[in-house]
Amino acid sequence: MADAKEVQVLVRMPAAMVERLDACRRQAADLPSRPEVIRRLIEQALPDTA
């Protein structure tokens, strides 16, 4: 088997598509991590004991 080689591929996309992709990436970065979501849901479901 030959050695692996890293290859960079350039793709030209319309500006509107790039902007939408960037917006989706920013939105995904703002989402809380899965454990945080689960913890918050559990806290909301349990009665307040404080």
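I began with Met17, which at 46% relative accessibility counts as partly exposed, the class that lies between buried (under 20% relative accessible area) and exposed (over 50%), with a 1.4 Å probe and protein chains only. I found Met17 in helix α1, residues 15-30, where helices (H or I, at least four residues) and strands (E, at least two) are DSSP runs numbered from the N terminus.

I noted that this is a predicted model, in which local features need pLDDT of at least 70 and side-chain atom pairs count only at pLDDT 80 or more, while totals for chains, interfaces and linings use all residues. Residues are numbered from 1 along each chain as its sequence is written, and side-chain values use heavy atoms, with hydrogens and water left out.

I then looked up the surroundings of Met17 and recorded a nonpolar surface patch formed by Val7, Val9, Val11, Met13, Met17, Val18 and Leu21, with about 640 Å² of accessible area together. Patches are made of residues with over 30% relative accessible area and no salt bridge, with nonpolar side chains (Val, Leu, Ile, Met, Phe, Trp, Tyr) joined within 5 Å and like charges within 9 Å; the areas come from the Shrake-Rupley method with a 1.4 Å probe, and for residues only the protein chains shown count as cover.

**Salt bridges**

Taking a salt bridge as a side-chain nitrogen of Lys or Arg within 4 Å of a carboxyl oxygen of Asp or Glu, I counted 2.

In helix α1, Arg25 and Asp22 lie 3 residues apart, about one turn of the helix, and their side chains meet in a salt bridge at 3.8 Å, N to O. I read Arg25 as exposed, with a relative accessible area of 53%, whereas Asp22 is partly exposed at 30%.

In helix α2, residues 34-45, Glu43 and Arg39 are 4 residues apart, again about one turn, and their salt bridge spans 3.1 Å, N to O. Glu43 counts as partly exposed at 48% relative accessibility, and Arg39 is also partly exposed, at 45%.

**Overall form**

I listed 2 helices and 0 strands for the protein. Its radius of gyration is 21 Å, well over the 10 Å that the globule rule gives for 50 residues, so the protein is more spread out than a compact globule; the radius is taken over C-alpha atoms, and the rule is 2.2 Å times the number of residues to the power 0.38. The C-alpha atoms fill a box of roughly 60 × 40 × 10 Å along the principal axes.

I also checked burial, and buried residues make up 0% of the 50 residues. The accessible surface comes to about 5,500 Å², of which 57% belongs to carbon and sulfur atoms.

**Glu6**

Last, I turned to Glu6, which sits in the segment before α1 and counts as exposed at 80% relative accessibility. From Glu6 to Arg26 I noted 20 residues in sequence and 27 Å in space, C-alpha to C-alpha.
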